Amino acid sequence: MKNIVTVQDAVTAFADWKEPTDAELDAIEREMPLILADIDTLDVQIALLERTPGELESRRARRARHRVLAERAALANRAGAGEAA
């Protein structure tokens with residue numbers, strides 16, 4: 001029988017008891033507006049899969065895409081201004 005210790009280490013490296021670090025939580029918090037904008041965009045795209053988009057749905061999709069772009073730009077500007085990305 002072969003020893004699979006390295007595979008076991010890789011699997012148990014993500015055990016339930018292992019928590020994210022404060023730096024990882026801070027990074028998630030900084031990116032949360034972008035994450036929420038991406039979720040809204042996906043919601044719109046999923047809704048549009050079910051029907052032909054009308055004027056209202058097209059505007060909603062455009063607004064969602066613009067919000068994602070604005071949040072990405074804001075995140076990049078914050079990172080460029082000295083905050084950690």
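The model is a predicted one: local features need pLDDT of at least 70, side-chain atom pairs count only at pLDDT 80 or more, and totals for chains, interfaces and linings use all residues. Residues are numbered from 1 along each chain as its sequence is written, and side-chain values use heavy atoms, with hydrogens and water left out.

**The chain as a whole**

Let us start with the overall layout. The chain has three helices and zero strands, and from the N terminus its elements run α-α-α. Helices here are DSSP runs of H or I with at least four residues, strands are runs of E with at least two, and both are numbered from the N terminus. Of the 85 residues in the chain, 15% are buried; buried means under 20% relative accessible area, exposed means over 50%, and partly exposed lies in between, with a 1.4 Å probe and protein chains only. Among contacts in the chain with a separation of 6 or more, 66% come from residues 24 or more positions apart, where contact means heavy atoms within 4.5 Å.

**Helix 2 against helix 3**

Two packed helices are described by the angle between their axes and the distance between the axes. Helix 2 covers residues 22–49 and helix 3 covers residues 55–80; they pack at an angle of about 160°, with their axes 9 Å apart. The axes are lines fitted to C-alpha atoms over the stretch in contact, and angles run from 0 to 180 degrees between N-to-C directions. Helix 2 and helix 3 are therefore roughly antiparallel to each other, a label for angles over 145 degrees.

The residues that meet include Leu 34, Ala 37, Thr 41 and Val 44 in helix 2, and Ala 61, Ala 64, Val 68 and Leu 75 in helix 3. The residues of this contact divide into 11 nonpolar, one polar and 11 charged. Nonpolar takes in Ala, Val, Leu, Ile, Met, Phe, Trp, Tyr, Cys and Pro, charged takes in Asp, Glu, Lys and Arg, and the others, Gly among them, are polar.

Glu 31, Leu 36 and Asp 43 are found in helix 2. At 32% relative accessibility, Glu 31 counts as partly exposed; Leu 36 is partly exposed at 40%, and Asp 43 is partly exposed at 40%. The table pairs each with a residue further along the chain.

| C-alpha pair | Residues apart along the chain | C-alpha separation |
|---|---|---|
| Glu 31 and Ala 74 | 43 residues | 10.0 Å |
| Leu 36 and Arg 67 | 31 residues | 9.8 Å |
| Asp 43 and Ala 61 | 18 residues | 9.4 Å |

**A look at helix 3**

In helix 3, the buried residues are Ala 61, Ala 64, Val 68, Glu 71 and Leu 75, and what covers them includes helix 2. At 1.5 Å a residue, the 26 residues of helix 3 should span 38 Å, and its end C-alpha atoms are 37 Å apart, which agrees. The expected span is 1.5 Å times one less than the number of residues. Helix 3 is followed by Gly 82, whose phi is positive, near 120°.

Definitions and conventions: Parallel < 35°, antiparallel > 145°, perpendicular 65-115°, else oblique.
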